[in-house]
Amino acid sequence: MSSEELPPRESMEFDVVIVGAGPSGLAAAIKLKQLNADLNIVVVEKGSEVGAHILSGMVMDPSGLDRLIPDWRQDSDCPLKTEVKDDRFYWMTGSGAIRLPNFMMPPLMSNHHNYIGSLGQVCRWLARKAEALGVEIYPGFAAAEVLYDDKGAVRGIATGDMGIAKDGTHKDSFTRGMELCGKYTLFAEGARGSLTKQLIAKYSLDANSEPPKFGIGLKEVWQIDPSKHKKGLIQHSFGWPLPNNTGGGSFLYHYDDNLVAVGFVVHLNYDDPYLSPFDEFQRFKTHPSIRPIFEGGKRLSYGARAITEGGYQSVPRLTFAGGALIGCAAGFVNVPRIKGVHNAIVSGMLAAEHVAAAIGAGRANDELVGYENAWRSSPIGKDLHPVRNVKPLWSKFGTILGIGLGGFDMWCNTFGFSLFGTQSHAKPDRKTLDAAKVHAPIAYPKPDGKVSFDKLSSVFLSNTNHEEDQPVHLKVADMNLQKTSEHDVFAGPSNRYCPAGVYEWVEEASGPRFQINAQNCVHCKTCDVKDPNGNITWVPPEGGGGPNYEAM
Ligand SMILES: Cc1cc2nc3c(=O)[nH]c(=O)nc-3n(C[C@H](O)[C@H](O)[C@H](O)COP(=O)(O)OP(=O)(O)OC[C@H]3O[C@@H](n4cnc5c(N)ncnc54)[C@H](O)[C@@H]3O)c2cc1C
Ligand code: SF4
């Protein structure tokens, strides 16, 4: 059946449509209802339930939540129970770990009075708050298409059709998607949103900003031996096992009842196509100072997600007729602090204020210029501006010198000046890979099954599930280019950067064949960022598919 022959979609009208039930989308929904209880608001979420696709560290700076729900500490239902008590930074070498004195850290890096927990659980709690205020939340529905009016303004989104077979035919279960239309649509898809990417291109929202930058963050939650648990301890490290020219580092947070969140971030502007972020993470846990923490413990879950790293200079224009970008769709992560949740919440609230005022004034489907004009002088701009050079200096000068210069610049910014102006990020992450011939394959240690593991047993712990008989949601624009470039020039880096074993080059008599195990995809979006030719596009699979994180 061609698209012209498809039955028409049903359409529903709302005041505001929100795409994504992460902290930014839910904060926007709650704030809108706080400002005007009569507004009709809908939130669509591609995860099977709210929180199912949420992955974060997570140490939260409570400044955003304090603004949204000032009495959250008194709410026994709120899942944030562990306050940070001890904050440590380490420089790792292969055999040792040197602790950096806290007094060397610029004050804006302090984690005191922050809280440790699961962002997925926080989102479930925020969703209950939003629903209690009358917000409609539809989990299991991916926004697959942006709808435009005849003047080119956004008028809403359409959810994806369900029940399409792998070969494109319609199964008995075929159901047409829904059109959800609003006076304004807020895009809260998080890092590398699939619709956000289209909007940035359509409206040239990045015309005056630096290229977006990303990292891949891998995370596990462990239950460890109670005698080793230090509730409230958080530690970050940089250095080993990454080479000096590759940015990234670890996080390790002790919280709740004997839980430890351990994770590793690799900046996606690395140059070695043989590097495997997953294997670097597994290797990190074998360090003599880290292994004992996990020995005798139980790994409960695993997942991965891209994190935005471009910061202040990479934030695109936030608004266009009929809608706006909020949270990590805009890229509001403070990179040296690895924190974006507070800014996601504040951006949702800020956008909500402008939407509520516009609707109150009888406006609809025009540009919320006030929101675009407000963010730089808001708490978000004040948080991101002083740290804007940390990532570019790290990329330019490598870890040892780059972190030193970044720290120096953050100290200068504490006193209101910078010697570096605003540094450029140079090129997008997909353009930083070298040809494989200038590197040698990396021999990663075999997983020991105790503290380090292989990809497939890890993906099992993400509870990832997709309807198998559906079109592949990882779209390769040109298969020939994939062979002549991704395989022949770069030696197939997709097999290594993908944290879920989705991509494989299978050697056959007729030559190498690119196999896509789409059902394993944990929706991290790394392939959409790092494919050297920009040849892979991630689009939402059937709603509800993907990981089912319980408490990431
Ligand atoms: C490994 C890692 C560690 C981090 N650690 C911390 C930390 O310790 N502290 C901190 O403050 N920040 C941390 N961050 C950053 C933080 O997680 C983000 O800044 C924050 O989650 C952004 O919130 P958001 O609402 O913009 O997007 P997200 O939290 O990504 O939520 C987006 C939601 O939208 C849904 N969605 C996306 N596209 C669609 C679609 N088309 N249709 C329907 N639904 C859709 C997704 O399923 C998801 O539920 C970390 C990030 C990573 C990856
Ligand atoms: S296929 Fe792409 S989005 Fe899915 S897990 Fe692999 S890198 Fe991430």
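1. In this predicted model, the charged end of Lys202 sits over the ring of Tyr203, with 5.8 Å to the ring centre. Tyr203 also belongs to a cluster, linked by ring pairs, whose other members are Tyr148, Phe187 and Phe320.

2. The structure contains 16 aromatic pairs. In one of them, Trp222 and Phe453, the ring centres are 6.1 Å apart and the planes meet at 45°, so the pair is tilted. Trp222 belongs to strand β14 and Phe453 to the loop between α10 (390-414) and α11, so this pair ties together parts 231 residues apart in sequence. Trp222 is buried, its relative accessible area being 0%. Phe453 counts as buried because its relative accessibility is 15%, and the limit for buried is under 20%.

3. Phe278 and Tyr302 form another pair: their ring centres lie 5.8 Å apart and their planes stand at 75°, so the arrangement is edge-to-face. Phe278 is found in helix α5 (residues 277-284) and Tyr302 in strand β18, so the parts tied together are 24 residues apart in sequence. Both Phe278 and Tyr302 are buried.

4. Strand β14 (residues 214-223) is mostly covered, with 9 of its 10 residues buried. β14 pairs in the antiparallel sense with strand β18 (residues 298-308) over 10 bridges, and Phe214 stands opposite Thr308 of β18. β14 also pairs with strand β17 (residues 259-267), again in the antiparallel sense, over 9 bridges. In that pairing, Trp222 stands opposite Val260.

5. Which residues come nearest to ligand 2? Of the 13 residues around ligand 2, these are Cys498, Cys521, Cys524, Lys525 and Cys527. The shell around ligand 2 comprises 11 nonpolar residues, 1 polar and 1 charged.

6. Pro471 is located in the loop between α11 (455-460) and β21 (474-476). Is Pro471 buried or partly exposed? Its relative accessibility is 27%, so Pro471 counts as partly exposed. Apart from neighbours within four places in sequence, Pro471 is in contact with Ile164, Ala165 and Lys166. Between Pro471 and Cys123 there are 30 Å in space, C-alpha to C-alpha, and the two are 348 residues apart in sequence.

Terms used. Residues numbered from 1 in each chain as written. Chains lettered and ligands numbered in written order. Predicted model: local features only at pLDDT ≥ 70, side-chain atom pairs only at ≥ 80, totals over all residues. Heavy atoms only, no water. Near = heavy atom within 4 Å. Nonpolar A, V, L, I, M, F, W, Y, C, P; charged D, E, K, R; others polar. Helix = DSSP H or I, 4+ residues; strand = E, 2+ residues; numbered from the N terminus. Buried < 20%, exposed > 50% of the residue type's maximum accessible area, 1.4 Å probe, protein only. Contact = heavy atoms within 4.5 Å. Pairing = 2+ DSSP bridges. Phe/Tyr/Trp six-rings, centres within 6.5 Å; stacked < 30°, edge-to-face > 60°. Lys NZ or Arg CZ within 6 Å of the ring centre and 35° of its normal.
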